[in-house]
Amino acid sequence: MKNKIPNLFLVGAPKSGTTAIYEFLNSHPDIFMSPIKEPHFFSKDIKPENFTPSYRLRHKFNLKKYLNSKDFNPMHIAYLSNESLEDYLKLFENHRDQKLLGEASTGYLYSECAAKEIHKFNPNAKIIMCLRNPIDRAFSHWKMDYRAGRSKSSTFVSDVNADYSMNDHNWGGKSQTLVQIGKYANQVERYFQLFDHRNIKCLIYEDLKTNPKSTMDDLFNFLNVNNDIDIDFNKKHNPSITPKSSIVKFLFNYFRSNFHLRDRIPGPLKILIKKLFFTQNDKDMILKSDYEQLSHYFKDDILSLESLLNVDLSKWKKEF
């Protein structure tokens, strides 16, 4: 049955465990996930031509060449909002008649039209969200930008405040949307207005981090697939890394912005390079004063989200 269409969408939020969930889902024998984790096909308002030059360069992608290669090597992100449905569906043509075909574009939650576009495509699709304490999410987002030399100052709080005051909050625009992405309530509401609530599953990142097996068992039950499978839930996915020297940082950013060079590096060599020239910095901690200074951006939104999801998010508010 090669005419099956995608029926599973992990829609975000960014820096909230979506890579780990994608890998867990992809490990399940009844689930086929797109080889491009984030194709962003249905976020029609996220268009490469509207990106800043630097963001556009970092995500330059030749879909035709990729599809014609037939290799479909795993990729993290691409922006296919201007491509045809026929080309998008080619990402799923290697499925083996699994029960679920899915993808994990984190821009679908922030996009103002993705929920509508997905519903138009498949109104019975399963929708998964994973939401993280918005200040922690912003901090993780900021660290990524800071390591890449894209921060506007040297401190987290000052960067958040400066970024929030910018006019361009489009995905891929001048702003890094450190605050806007973390205001979840309206983003989640877009899906609740369109999809059967029984087809929406909202996970909390902190639960995934502290008890990944229980969280994924619950998710597999929601998807009506077997949860008695062998998955390494302790493996780290997309860990935070820092170059060991300024030269390594320069080369790292150069290869990140050159798609064809970056993807010619074999996977095993990438792993070796990370071990030799990078360090994991999971011990970077956000200060309590940062929570206090930034809480005003998110307090009301968290209350709205609690009401919408009927969940207790006191764990997000304990630092405020």
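Visitor: Which residues does tyrosine 191 touch, not counting residues up to four places away in sequence?
Guide: This is a predicted model, so the answer rests on computed positions. Tyrosine 191 belongs to the largest nonpolar core, which has 55 residues, and is named there with Phe9 and Leu131 as touching the most other members. Leaving out residues up to four places away in sequence, tyrosine 191 touches Val11, Tyr108, Leu109, Ala114, Ala115, Ile118, Ile127, Met129 and Ile200.

Visitor: How many residues are in the second, separate core?
Guide: The second core is separate and includes Leu10, Ile21, Tyr22 and Phe222. Its size is 24 residues.

Visitor: In what order do the strands of the open sheet stand?
Guide: The sheet is open and has 5 strands, with parallel pairing. From one strand to the next, the twist averages 20°. The order is S2-S5-S1-S6-S7.

Visitor: Which strands stand at the edges of the sheet?
Guide: An edge strand here has a single partner strand, so one of its sides is left without a neighbour in the sheet. S2 pairs with S5 (residues 100–103) over 3 bridges, and S7 pairs with S6 over 5 bridges. The edge strands are S2 (31–33) and S7 (200–204).

Visitor: In S5, what is the bridge partner of isoleucine 31?
Guide: S2 and S5 pair in the parallel sense, and the residues of S2 are 31–33. The bridge partner of isoleucine 31 in S5 is leucine 100.

Visitor: What angle does helix H1 make with S2?
Guide: Helix H1 (residues 18–26) lies across S1 (8–10), S2, S6 (126–131) and S7. Its direction relative to S2 is about 130°.

Visitor: Is threonine 215 buried or exposed?
Guide: Threonine 215 is found in helix H11. Leaving aside neighbours within four places in sequence, it is in contact with Leu203, Asp207 and Leu208. Its side chain reaches the backbone oxygen of aspartate 207 at 3.1 Å. With a relative accessible area of 10%, where under 20% is the cut-off, threonine 215 is buried.

Visitor: How does tyrosine 146 count at 39% relative accessibility?
Guide: Tyrosine 146 lies in helix H7 (residues 134–147). Its C-alpha atom is separated by 9.7 Å from that of aspartate 159, 13 residues apart along the chain. Buried needs under 20% and exposed needs over 50%, so at 39% tyrosine 146 counts as partly exposed.

Visitor: What share of the residues in the chain is buried?
Guide: The chain has 17 helices and 9 strands. Among its contacts between residues at least 6 apart in sequence, 77% join residues at least 24 apart. Of the 320 residues in the chain, the buried share is 51%.

Definitions and conventions
Residues are numbered from 1 along each chain as its sequence is written. This is a predicted model: local features need pLDDT of at least 70, side-chain atom pairs count only at pLDDT 80 or more; totals for chains, interfaces and linings use all residues. Side-chain values use heavy atoms; hydrogens and water are left out. Two strands pair if DSSP finds at least two bridges between them. Helices (H or I, at least four residues) and strands (E, at least two) are DSSP runs, numbered from the N terminus. Axes are lines fitted to C-alpha atoms, for helices over the stretch in contact, and angles run from 0 to 180 degrees between N-to-C directions. Contact means heavy atoms within 4.5 Å. Buried means under 20% relative accessible area, exposed over 50%, partly exposed in between (1.4 Å probe, protein chains only). A polar contact is a pair of N or O atoms within 3.5 Å; within protein, one must be able to donate a hydrogen and the other to accept it, and residues adjacent in sequence count only if both atoms are side-chain atoms. A nonpolar core is a set of buried Ala, Val, Leu, Ile, Met, Phe, Trp, Tyr and Cys residues joined through side-chain atoms within 4.5 Å.
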